[in-house]
Amino acid sequence: MAALKHKPVNLIFYVYNLIIIFSTHSSTAELRRLLQPAKPDGTVSFLVIGDWGRRGSYNQSQVALQMGEIGEKLDIDFVISTGDNFYDNGLASLHDPLFQDSFSSIYTTPSLQKPWYSVLGNHDYRGDVRAQLSPMLRALDNRWVCMRSFIVNAEIVDFLFVDTTPFVDKYFIQPNKHVYDWSGVLPRQTYLNNLLKEVDVALRESVAKWKIVIGHHTIKSAGHHGNTIELEKHLLPILQANEVDLYVNGHDHCLEHISSVDSNIQFMTSGGGSKAWKGGDVNYLEPQDQMKFYYDGQGFMSVHVSEAELRVVFYDVFGHVLHHWKTYKEALYFAS
């Protein structure tokens, strides 16, 4: 039974290895596609955590413990990280002990020994980006799957992970004291133009029942950082045109759910993996946006997807349910 239990994970990493070996990714290449088997009943369950890597401090270890308990109850298939995986300045190298201290030694419960599909955040770009992206990290922990932008196909749902940091002007124009690793991104405009085309094509060609897009930066948020105007201008129209169901992000260190009259996209923030703002100002939303839920504290979210229904639940650092919401394909949405 133990051998059977680990076959789906081995399949994922076998496919991932083939992709790494037989393709080289540039800003003009097709997005890499990974396969994530659904459960025998066709459903998919996963957790989402962001802004976490602080060697267990700021309640990171407590959040990890609750993730493990909820993950076991839900029999999750994988975990999604919305970026800012290693504070304050990413990984310094492939041998940086921060990887072990902030990831492998923290998320130790059995239910979290599943693939971790991860994007880069702005703090990750302050380190050695190629180190964090390297498949060699999987020799240290085979759960780690991190790329700039990629697709995970889980049968009834397609996940599109988007590298959002290069969109943000201030990191290039006003980096302050920070040094960002732009290797693989420059020339910037070419990278962004090609990435937007890749995202549009991938979403248009998707035949999955549900479409979920993941990035580090907010599109809509009432939190400390607020809306990311570059993503509102360049990425959001593509998501709207392709009828994306969820946009999931981190960056703001809170838990949040926003809807909009402009489209049926639901904007979910899961950035409470460790240090939260606690007491920061909440920004006013645009008139067409509607705040469904906001929590200025640590926590995470779960998602369960079936053919007919998508269900989201937010939890705090103690594992208490803070907000739950579900939608059906046959209707716009049903909130509870």
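Biologist: Are Trp52 and Phe86 buried or exposed?

Modeller: Both Trp52 and Phe86 are buried. Buried means under 20% relative accessible area, exposed means over 50%, and partly exposed is in between, with a 1.4 Å probe and protein chains only.

Biologist: What kind of model is this?

Modeller: This is a predicted model, where local features need pLDDT of at least 70, side-chain atom pairs count only at pLDDT 80 or more, and totals for chains, interfaces and linings use all residues. Residues are numbered from 1 along each chain as its sequence is written, and side-chain values use heavy atoms, with hydrogens and water left out.

Biologist: OK, rings. How many aromatic pairs does a search of the whole structure find?

Modeller: The search finds 25 aromatic pairs. Trp52 and Phe86 form one, and it is edge-to-face, at 5.4 Å centre to centre with 70° between the planes. Rings of Phe, Tyr and Trp (its six-membered ring) pair if their centres lie within 6.5 Å; planes under 30 degrees apart are stacked, over 60 edge-to-face, and the rest tilted.

Biologist: Where in the chain are Trp52 and Phe86?

Modeller: In distant parts, 34 residues apart. Trp52 is in the loop between strand S2 (44–49) and helix H3 (60–74). Phe86 is in the loop between strand S3 (78–81) and helix H4 (98–104). Helices (H or I, at least four residues) and strands (E, at least two) are DSSP runs, numbered from the N terminus.

Biologist: And what about Phe99 and Trp144?

Modeller: Phe99 and Trp144 are edge-to-face as well, at 5.7 Å centre to centre and 85° between the planes. Phe99 is in helix H4 and Trp144 in strand S5 (residues 144–146), 45 residues apart. Both are buried.

Biologist: Which residues do ring pairs link into a cluster?

Modeller: Trp52, Phe86, Phe99, Phe103, Tyr107, Trp116 and Trp144.

Biologist: Switching to salt bridges. How many does the structure hold?

Modeller: Nine. A salt bridge is a side-chain nitrogen of Lys or Arg within 4 Å of a carboxyl oxygen of Asp or Glu. One of the nine joins Asp88 and Arg54, at 3.7 Å from N to O. Asp88 is in the loop between S3 and H4, and Arg54 is in the loop between S2 and H3.

Biologist: Why does Asp88 count as partly exposed?

Modeller: Because its relative accessibility is 43%. Arg54 is at 14%, so it counts as buried.

Biologist: What does Arg143 meet in a salt bridge?

Modeller: The side chain of Asp141, at 2.8 Å from N to O. Arg143 is buried at 2% relative accessible area. Asp141 counts as buried at 9%.

Biologist: And which residue does Lys220 form a salt bridge with?

Modeller: Asp289, with the closest N and O atoms 3.2 Å apart. Lys220 lies in the loop between S8 and helix H8 (229–234), and Asp289 in strand S12 (residues 289–295), so the pair ties together parts 69 residues apart in sequence. Lys220 is buried, with a relative accessible area of 4%. For Asp289 the value is 9%, and that residue is buried.

Biologist: Which ring does the charged end of Lys220 sit over?

Modeller: The ring of Phe267, 5.7 Å from its centre. A charge sits over a ring if NZ of Lys or CZ of Arg is within 6 Å of the ring centre and within 35 degrees of the ring normal. Arg188 lies over the face of Phe172, 4.2 Å from the ring centre.

Biologist: New topic: strand S8. How many of its residues are buried?

Modeller: Six of its six, at residues 210–215. Trp210, Ile212 and Ile214 point one way, and Lys211, Val213 and Gly215 the other way.

Biologist: What does S8 pair with?

Modeller: Strand S7 (residues 157–162) pairs with S8 in the parallel sense over six bridges. Strand S9 (residues 246–249) also pairs with S8 in the parallel sense, over three bridges. Two strands pair if DSSP finds at least two bridges between them. Val157 stands opposite Trp210, and Ile214 stands opposite Val248.

Biologist: Last one. What does Val305 touch?

Modeller: Not counting residues up to four places away in sequence, its contacts include Val157 and Trp210. Contact means heavy atoms within 4.5 Å. Val305 lies in strand S13 (residues 299–305) and is buried, with a relative accessible area of 0%.
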